[in-house]
Amino acid sequence: MNDNSLRDLRKPRRQAGGKPPKITFPCNYPIKVVGDAAEDFAATVCQIVIRHDPAFDATAIQVVPSRQGRFQSVRLTIRATGEAQLKALFDELKATGRVHMVV
């Protein structure tokens, strides 16, 4: 195997023109939402997600606290139907003022 066949798996493959690969919709789309730790944080995230994916199964979420307990990450998977849906979901999550990051 020569060195030219190796690639860094941490970097996504680029299409012609340097653009990241397009997502084929519909698809299962994993999301991680990070915010301040609170008893109702996961419920708030789920309420918003259900508005954008009515078939979302809230029982499948994972809530992971940070080491010091200041933050929580809510990990979930939605059925993504298009870029507009994802943008609207991300915008609504960020608009709560409680979400620090959506990945």
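**Exercise 1. Give the strand order of the open sheet and its pairing sense.**

Step 1. The model is predicted: local features need pLDDT of at least 70, side-chain atom pairs count only at pLDDT 80 or more, and totals for chains, interfaces and linings use all residues. Residues are numbered from 1 along each chain as its sequence is written, and side-chain values use heavy atoms, with hydrogens and water left out.

Step 2. Take strands (E, at least two residues) and helices (H or I, at least four) as DSSP runs, numbered from the N terminus. Two strands pair if DSSP finds at least two bridges between them.

Step 3. Four strands form the open sheet, in the order S2-S3-S1-S4, and the pairing is antiparallel. S2 (62-65) and S4 are the edge strands; each has a single partner strand, so one side of each lacks a neighbour in the sheet. From one strand to the next, the twist averages 25 degrees.

Step 4. Ten bridges join S1 and S3 in the antiparallel sense.

**Exercise 2. Which residues of H2 are buried, and what do they pack against?**

Step 1. Buried means under 20% relative accessible area, exposed over 50%, partly exposed in between (1.4 Å probe, protein chains only).

Step 2. The buried set in H2 is Gln85, Leu86, Leu89, Phe90 and Leu93. They span an arc of only 125 degrees around the axis, so they sit on the same side of H2. That arc is taken from the directions from the helix axis to the C-beta atoms.

Step 3. These buried residues pack against S1 (27-36), H1 (41-52), S3 (71-80) and S4 (99-102). Exposed Glu83, Ala84, Lys87 and Ala95 are on the face turned away.

Step 4. Just after H2, Gly97 has a positive phi of about 80 degrees.

**Exercise 3. How many disulfides does the structure hold?**

Step 1. A disulfide is a pair of cysteine sulfur atoms within 2.5 Å.

Step 2. The structure holds zero. Cys27 is buried at 13% relative accessible area. Cys46 is buried at 9%.

Conventions. Contact = heavy atoms within 4.5 Å. Axes fitted to C-alpha atoms, helices over the stretch in contact; angles between N-to-C directions.
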